[in-house]
Amino acid sequence: MEYNVTMVSAYIDIGEFGKDSPNNTRDHRIYQKWSWAYSAIYSPLVFYTDSPSFADHMQHVRQKLPDITKIIFVNRTSLWAFQLRDAIAAIYGDGYPVHYPNTVYPDYTCVTHAKFEFIKDAILNSYFYSRHVVWVDVGYFRDMCPIHESTTAVTMQPLANLDPKRVMCTQVGAPNFTMAWRDIFWKNINWVAGGFFLAKRQVMVNFVLQYQRAVELFLRLNQSQVEQHVLYSIYTDEGREIVKPTIELQPIQSDWFDLGFNSLVPVKGSALS
């Protein structure tokens with residue numbers, strides 16, 4: 001069966017960490033709360049985790065949608081992203097700018113890189129077939145929580161203005177492509193958000209390969225950051241000379257979570273019960 005969009009998401013348990021500051025902590029409990037939104041989204045979901053308890057939780061969240069849910073347990077040491085951990089940790093030493101959590105927790109950086117290999121795995125293994133695939137962070141639809149019985153069931157549709165040759169994402173800052181990419185890493189400057197990426201299947205695969213190549217290139221230059229800053233850096237004038245990207249982004253200026261919510265349409269005559 002062909003679906004409109006396959007969603008890919010994940011939760012990798014790296015313990016408690018500070019988000020934006022050391023005192024604003026997050027752990028599995030908040031992500032469990034936010035992930036309840038996926039009980040209302042009647043679209044295929046491929047979900048990756050290294051946590052048995054979170055896998056059980058997601059089975060419960062998606063209990064009414066077992067035929068369009070694939071939960072995959074992963075060993076983080078086997079992931080491409082976490083095989084880079086030691087190199088990333090060595091960079092986040094004395095003298096490297098401190099930005100919570102991006103340049104403080106090597107595991108957090110690895111998690112942001114891992115989302116791309118999860119997307120590739122979901123596409124190449126065709127757990128569900130759809131012309132389009134979307135990455136959505138596990139907490140992306142947090143504003144849909146808590147889920148109530150009267151909540152309308154929704155499904156995800158590709159946005160009508162999607163360029164079939166590019167990867168749609170959210171623009172959250174005005175870009176300066178003449179900026180040195182190293183400054184983007186060190187000053188923690190955002191252009192696009194990392195919570196939502198939508199594209200046709202093969203475009204997304206090529207995008208992932210391009211991203212992975214860029215991460216490794218920047219690491220060889222002794223620089224590291226999370227996915228949002230890697231992506232900005234790729235498309236700067238300097239970054240293009242290094243990475244030579246062939247897949248372009250389609251940044252849509254909006255609030256952080258608008259694109260995902262704009263992709264959701266009600267399932268006719270359906271409410272959760």
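The radius of gyration is taken over C-alpha atoms, and the globule rule is 2.2 Å times the number of residues to the power 0.38. For 273 residues that rule gives a value near 19 Å; the protein has 18 Å, so it agrees with a compact globule. Keep in mind that this is a predicted model.

**Whole chain.** Show the cartoon. There are nine helices and eleven strands. The C-alpha atoms fill a box of roughly 55 × 40 × 30 Å along the principal axes. Now colour by burial: 56% of the 273 residues count as buried. Switch to the surface. Its accessible area is about 12,100 Å², and carbon and sulfur atoms hold 48% of that.

**Charges.** Select the charged side chains. The 24 positive and 26 negative charges have mean positions 5 Å apart. Eight salt bridges are counted.

**Stop one: R29 and D27.** Their closest N and O atoms lie 2.6 Å apart, in a salt bridge. R29 is exposed because its relative accessibility, 55%, is over 50%. D27 is buried, at 13%.

**Stop two: D50 and R76.** This salt bridge spans 2.8 Å, N to O. It joins two loops, 26 residues apart in the chain: D50 sits between β4 (45-49) and α2 (52-61), R76 between β5 (69-73) and α3 (85-91). D50 is buried, with 15% relative accessible area.

**Stop three: K115 and E227.** Here the closest N and O atoms are 2.9 Å apart.

Terms used. Residues are numbered from 1 along each chain as its sequence is written. This is a predicted model: local features need pLDDT of at least 70, side-chain atom pairs count only at pLDDT 80 or more; totals for chains, interfaces and linings use all residues. Side-chain values use heavy atoms; hydrogens and water are left out. Helices (H or I, at least four residues) and strands (E, at least two) are DSSP runs, numbered from the N terminus. Buried means under 20% relative accessible area, exposed over 50%, partly exposed in between (1.4 Å probe, protein chains only). Accessible areas come from the Shrake-Rupley method with a 1.4 Å probe; for residues, only the protein chains shown count as cover. Lys and Arg count as positive and Asp and Glu as negative; His and the chain ends are not counted. The place of a charge is taken as NZ of Lys, CZ of Arg, CG of Asp or CD of Glu. A salt bridge is a side-chain nitrogen of Lys or Arg within 4 Å of a carboxyl oxygen of Asp or Glu.
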